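The following exercises ask the student to read a structure step by step. Each task is followed by a worked solution.

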Amino acid sequence: MIRIRPQTARYLYDRHLQEVLRTTMATAQQARDEAVAEVENWEELRNYARQVKLHTLAHLGDYLEALADRISSRGGRVFWAETAEDACNYVVETARRHSARTVVKSKTMLGEEIGINTALQKAGVEPVETDLGEFIVQLCQEPPFHIITPAFHKTRQDVARIFTQHLGQPLGEDPEELTAAARKALREKFLQADLGITGVNLAVADSGHLVVVENEGNARLSLSAPPVHIALMGIEKVIPRLQDLPVFLKLLTRSATGQRITSYVNLIGGPRCPEEVDGPEEFHLVLVDNGRSRILADERKRETLACIRCGACLNVCPVYGRIGGHAYRTVYQGPVGAVLMPQLLGPEQVPEHPFASTLCEACRDICPVKIDIPRLLLELRRELPRRYRRGDALAMRVWAWTFENAGRYAGISAWGRRLLRLFYRDGRLALPLPVLGRWQSTRDLPRLPNKTFYEEFSNQSADGGGNGQ
Amino acid sequence: MRVGLFVTCLVDQLFPRVGARTLQLLRLVGLEVVVDPRGVCCGQPAFNTGFTAEARRVARGLLDCWDDCDAVVAPSGSCVAMIRHHLLELFEDDPALKDTARSLAERTWELSDFLVNRLGITDVGARFSHVVTYHDSCHTLRELRIEKEPRLLLQEVRDLELVEMNDGNACCGFGGTFAVKFPDISSAIGNEKVRSIKATGAQFVVGGDVSCLMHIGGLLQRAALPIRPLHLAEVLTESS
Amino acid sequence: MKQSVIPAKLRRSAGSAPPLPVEPPAGPDIADPVERFCREAEQAQARVRLRPDPLEALREAAVSAGTDTIYWQDPAAASALGIPLAGGESSAEPSLFYSAVPGAQDSEAPSAPLEVRRRPYDRRVISQVRLSVATARAGIAETGTVLESTLPPGGRLLPILAPHHVVLLPENEIYPTLGHYLQAWGAESLAPGSNLFMTGPSRTADIEKVLILGVHGPHRLWIFILS
């Protein structure tokens with residue numbers, strides 16, 4: 001079972017982290033807002049994309065098969081992985097068949113989800129993260145802190161230290177110098193790697209294209225230089241037509257990084273053509289289910305699969321904005337993580353995830369495909385079996401019993417307040433009561449008025465008689 | 001026009017003055033106001049925590065109230081959002097209560113929305129010679145889409161200076177049971193809001209939801225800051 | 001290929017769903033695509049030269065790259081600019097094509113003609129190249145993006161490994177938006193793998209949000225819009 005609450009203090013009271021979170025989230029939001037403001041028909045794009053996604057999900061089997069057929073007709077191999085283990089086994093098998101020793105990887109959250117790096121390492125294969133942020137957290141032996149910008153919590157001093165240690169040369173703090181060092185170190189890896197693994201941002205069914213967006217060029221190199229390329233793709237990533245692509249690209253890049261478009265957009269769909277002078281001879285598309293088909297079967301929560309992994313909801317979430325990604329202790333974090341993880345792992349594995357939210361709804365407003373995350377959170381809260389929240393369940397039953405009957409409510413309120421007043425002094429509770437104690441740890445309690453409103457005013461006649469204020 | 005006043009359970013228990021001022025305000029604009037103590041709670045605390053059965057039990061009480069009123073007004077955006085958007089959901093399988101729930105949902109208004117959009121009033125003759133800032137509660141902002149109404153009302157308050165805070169749309173961190181499930185995070189979010197409030201130089205932070213104001217007020221007090229939270233109804237009934 | 005159970009499992013979940021919308025929403029109205037392209041590309045840190053003297057512009061790029069050798073994705077582009085492929089240099093083998101920079105002095109053979117020579121394809125050679133030149137299939141004005149094909153004789157590695165990259169963009173192949181390009185050319189024009197939409201140089205902001213150009217891809221991107 002994964003809990004969030006035990007480690008929040010560690011992140012909340014890290015002054016440097018809080019400063020970085022504050023400025024990074026503010027910058028990300030501003031960039032996104034500016035980029036979106038340029039698009040006059042942003043709402044229209046959102047509605048279009050949502051409709052496309054919901055339609056596609058209802059016909060997912062057909063679209064995926066169309067995609068697979070196209071890839072196969074070009075000589076690519078398609079593997080349908082039901083579980084994370086199946087996907088990892090296939091990749092490891094392929095690596096073994098080619099006696100691969102080094103694998104270059106570009107950023108893929110799905111790769112994190114299925115644990116591909118661990119699987120490769122166990123098989124004696126070295127997976128090298130080539131996205132600069134992922135490279136940094138890999139060297140630090142940490143998981144990503146954010147699904148789009150994995151290392152934003154690291155200072156240049158942190159990076160200088162870790163690079164000096166691992167790249168074997170003393171390096172200063174200048175980001176230019178550090179980036180140049182990473183470029184040099186990774187270039188060798190690209191040119192020598194036996195296998196390249198990338199993710200897939202979007203897949204187009206009718207034309208058979210897989211789309212990989214990036215800024216650094218590492219995905220381009222990962223899918224061009226090694227002799228074998230494996231693309232890992234969640235089954236929900238397919239869109240029906242090439243004509244839909246410009247809309248999704250626009251929504252994705254502006255929401256994720258506030259860019260009109262990323263430096264590189266790769267369209268791939270098979271191994272190299274016979275006439276090409278370079279490119280991978282072997283291409284594999286691994287379609288990963290890993291619980292998505294189960295989410296699909298639940299019509300009320302199916303829209304979770306519309307997510308295009310832009311990360312905007314993380315940037316706007318007041319909870320993520322205070323605790324950061326590691327506090328969730330799961331691959332997917334923030335609002336999308338809160339609704340996806342219980343559905344992928346089972347609600348009892350991550351019982352706190354749906355509750356780590358104030359239901360402020362900022363995520364729903366910002367989601368480019370209009371996923372109603374707050375509604376999904378409420379559904380998940382409802383579905384958590386009571387045995388995982390016995391205390392809450394009992395408290396709620398008592399509360400309902402008290403509040404459902406106006407007379408009972410008035411009576412218990414009167415006696416309860418008399419009792420409470422004995423321990424209550426000007427905003428402080430002398431008695432450490434469980435719920436109120438939690439409130440009081442960081443805030444003052446409100447004063448307890450002498451009378452409730454109804455005690456004062458329940459004799460109001462309609463024409464305005466009765467007690468004054 | 002006859003309106004029912006749904007003060008909400010939090011106002012009843014902890015901020016009865018807000019209820020009193022709302023009552024005063026509605027009378028001031030010439031309405032007959034019905035106060036019905038059977039209107040205890042909309043059930044939101046249970047609903048938002050995933051306990052729909054308990055929410056239904058409690059919300060049931062509202063269905064007995066105000067059936068002879070043209071409208072029901074509440075000084076709370078989150079409770080009104082609950083009634084408007086979720087009450088029917090709770091009773092849609094109950095043929096006897098479904099229509100009452102729908103009727104109530106259609107007649108219930110948040111205070112500022114009611115004054116400005118239903119009655120067409122922005123000037124209630126108030127005077128409040130202080131600098132204030134305004135906090136929009138998330139449900140009011142994002143569920144009810146009410147943002148300009150409180151400001152139109154405050155603009156007409158004589159001698160009042162309204163200073164908007166940076167990141168005004170940010171959540172205060174209360175979040176219902178979130179406040180006691182994740183108190184550290186709740187307060188950390190709230191302290192960001194307190195910083196924004198402080199930076200405006202305002203003497204008062206005004207809002208439309210006592211839940212937010214209670215949380216912000218608790219943080220202001222803990223930080224020993226002299227800024228006081230006030231509900232919109234309290235400002236609109238000031239005349240000194 | 002073993003038949004998978006997944007598609008059938010997915011089909012069982014097919015439910016009610018909205019129909020697929022027919023037309024995507026309209027893109028912005030761009031009155032002057034060339035002007036917009038130049039503006040967007042420069043905002044993305046590309047260096048744009050509108051209708052330049054190509055050889056002058058190549059010289060400028062080469063000076064900036066600190067090199068006197070240009071590698072060409074396609075010798076036909078060089079020929080079109082008046083730099084012919086040296087006699088007997090065509091080959092069916094995977095090749096790299098290079099020439100001196102126009103106007104640069106070849107100190108070893110000062111009277112040698114400016115022409116494109118061929119050498120066998122070798123990724124080690126590519127990784128030492130300082131300046132590469134390719135022709136774009138199209139430009140997208142809305143974002144200042146160029147579409148490069150890496151079908152033969154060029155390959156995938158040359159445009160991405162060289163730290164300085166020049167793109168020759170025919171002016172009449174600039175489309176207002178990606179949607180316009182797709183409508184004009186369709187899927188068949190995008191042979192998978194050998195297509196790259198490129199906007200500005202390679203970049204990152206992963207270290208303290210400081211923008212750094214030239215991470216794994218080119219550090220400097222030149223776009224010559226040729227009439």
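**Exercise 1.** Determine which chains share the most contacts, two residues being in contact if their C-beta atoms, placed from the backbone, lie within 7 Å.

*Solution.* Step 1. Two pairs of chains are in contact, and of these chains A and C share the most contacts. The model is a predicted one, in which local features need pLDDT of at least 70 and side-chain atom pairs count only at pLDDT 80 or more, while totals for chains, interfaces and linings use all residues. Residues are numbered from 1 along each chain as its sequence is written, and chains are lettered from A and ligands numbered from 1 in the order in which they are written.

Step 1. Chain B and chain C are joined by no contact; their closest C-alpha atoms lie 21 Å apart.

**Exercise 2.** Describe the side of chain C that touches chain A.

*Solution.* Step 1. On chain C, 61 residues are in contact with 78 residues of chain A.

Step 1. Among the elements that give two or more residues to this side of chain C are helix H1 (6-12), helix H7 (178-185) and strand S9 (195-198) of chain C. Helices (H or I, at least four residues) and strands (E, at least two) are DSSP runs, numbered from the N terminus. H1(C) gives the most, with six residues.

Step 2. By class, this side of chain C holds 35 nonpolar, 18 polar and eight charged residues. Here Ala, Val, Leu, Ile, Met, Phe, Trp, Tyr, Cys and Pro count as nonpolar, Asp, Glu, Lys and Arg as charged, and the others, Gly among them, as polar.

Step 3. Strand S9 (residues 264-268) of chain A pairs with S9(C) in the antiparallel sense over four bridges; two strands pair if DSSP finds at least two bridges between them. Within S9(C), C:Asn195 is the bridge partner of A:Leu267.

**Exercise 3.** Is C:Ala31 buried or exposed?

*Solution.* Step 1. A residue is buried if 20 or more other C-beta atoms lie within 10 Å of its own, exposed if 12 or fewer, and partly exposed in between, with C-beta atoms placed from the backbone.

Step 1. C:Ala31 has 7 C-beta neighbours inside 10 Å and therefore counts as exposed. Its place is in the loop between H1 and helix H2 (33-43) of chain C.

Step 2. In chain C, buried residues make up 48% of the 227 residues.

**Exercise 4.** In what order do the four strands of the open sheet of chain B stand?

*Solution.* Step 1. The order is S2-S1-S3-S4 (chain B), and the pairing is parallel.

Step 1. Strand S2 (32-35) and strand S4 (108-110) of chain B are at the edges; each has a single partner strand, so one side of each lacks a neighbour in the sheet.

Step 2. Strand S1 (residues 2-5) of chain B is joined to S2(B) by four bridges, and the two run parallel. In S2(B), B:Val35 is the bridge partner of B:Leu5.
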